[in-house]
Amino acid sequence: MSLVELLAIHWEEWHGLSRAYQDEDGYVLACENFGTKEIACRLTVIASDRSTAIVTPAKWAAQRAQAQKGT
């Protein structure tokens, strides 16, 4: 599962800054320019695209809307 799919499932609201990514241990990190902060979220699943995925609020919102249409 891709990172945007995982975040759309596990986040009911956007918790990142301008973008988020996942480290090799499953922790989700948020970035804003050169600053980084760890989000209090460790996913037990490592995203299939973890090494390249960068999720923005717009990508998250689009995926979340798509997932909600399917339910």
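**Aromatic cluster, core and strands of a predicted model**

Ring pairs join Trp11, Trp14 and Trp60 into a cluster. The structure is a predicted model, in which local features need pLDDT of at least 70, side-chain atom pairs count only at pLDDT 80 or more, and totals for chains, interfaces and linings use all residues. Residues are numbered from 1 along each chain as its sequence is written, and side-chain values use heavy atoms, with hydrogens and water left out.

Confidence is given as pLDDT, the predictor's confidence in each residue on a scale from 0 to 100. The protein chain has an average pLDDT of 90, and 97% of the residues score at least 70. Within the protein chain, the mean is highest in H1, at 95, and lowest in S3, at 77. Helices (H or I, at least four residues) and strands (E, at least two) are DSSP runs, numbered from the N terminus.

A pair of aromatic rings is described by the distance of the centres and the angle of the planes. Rings of Phe, Tyr and Trp (its six-membered ring) pair if their centres lie within 6.5 Å; planes under 30 degrees apart count as stacked, over 60 as edge-to-face and the rest as tilted. Two aromatic pairs are present in the structure. The ring centres of Trp11 and Trp14 are 5.3 Å apart and the planes stand at 75°, so this pair is edge-to-face. The pair of Trp14 and Trp60 is tilted, with 6.0 Å centre to centre and 55° between the planes. This second pair links distant parts of the chain: Trp14 lies in the loop between helix H1 (3–10) and strand S1 (19–22), whereas Trp60 lies in helix H2 (residues 57–69), 46 residues apart. Trp11 and Trp14 are buried, and Trp60 is buried as well; buried means under 20% relative accessible area, exposed over 50% and partly exposed in between (1.4 Å probe, protein chains only).

Contact means heavy atoms within 4.5 Å. When residues up to four places away in sequence are not counted, Trp60 touches Val4, Leu7, Ala8, Trp11, Glu12, Glu13, Trp14 and Val55. In H1, the buried residues are Leu3, Val4, Leu6, Leu7 and Ala8. Their cover includes S1, strand S2 (27–32) and H2.

A nonpolar core is a set of buried Ala, Val, Leu, Ile, Met, Phe, Trp, Tyr and Cys residues joined through side-chain atoms within 4.5 Å. The largest such core has 17 residues, and those with the most contacts inside it are Leu3, Leu7, Trp11, Val28, Leu43, Val55 and Trp60. H1, S2 and S3 are the elements that give two or more residues to this core. H1 gives the most, with five residues.

S1 and S2 run antiparallel and are joined by four bridges; two strands pair if DSSP finds at least two bridges between them. The two strands form a hairpin with four residues between them, and Gly26 in the turn has a positive phi of about 100°. Val28 in S2 is the bridge partner of Gln22. On S1, Ala20 and Gln22 make up the covered face, while Arg19 and Tyr21 make up the uncovered one.

Glu38 is found in strand S3 (residues 35–42) and is exposed, with a relative accessible area of 52%. Not counting residues up to four places away in sequence, Glu38 touches Tyr27, Val28 and Leu29. Arg42 lies over the face of Tyr27, at 5.3 Å from the ring centre; a charge sits over a ring if NZ of Lys or CZ of Arg is within 6 Å of the ring centre and within 35 degrees of the ring normal.
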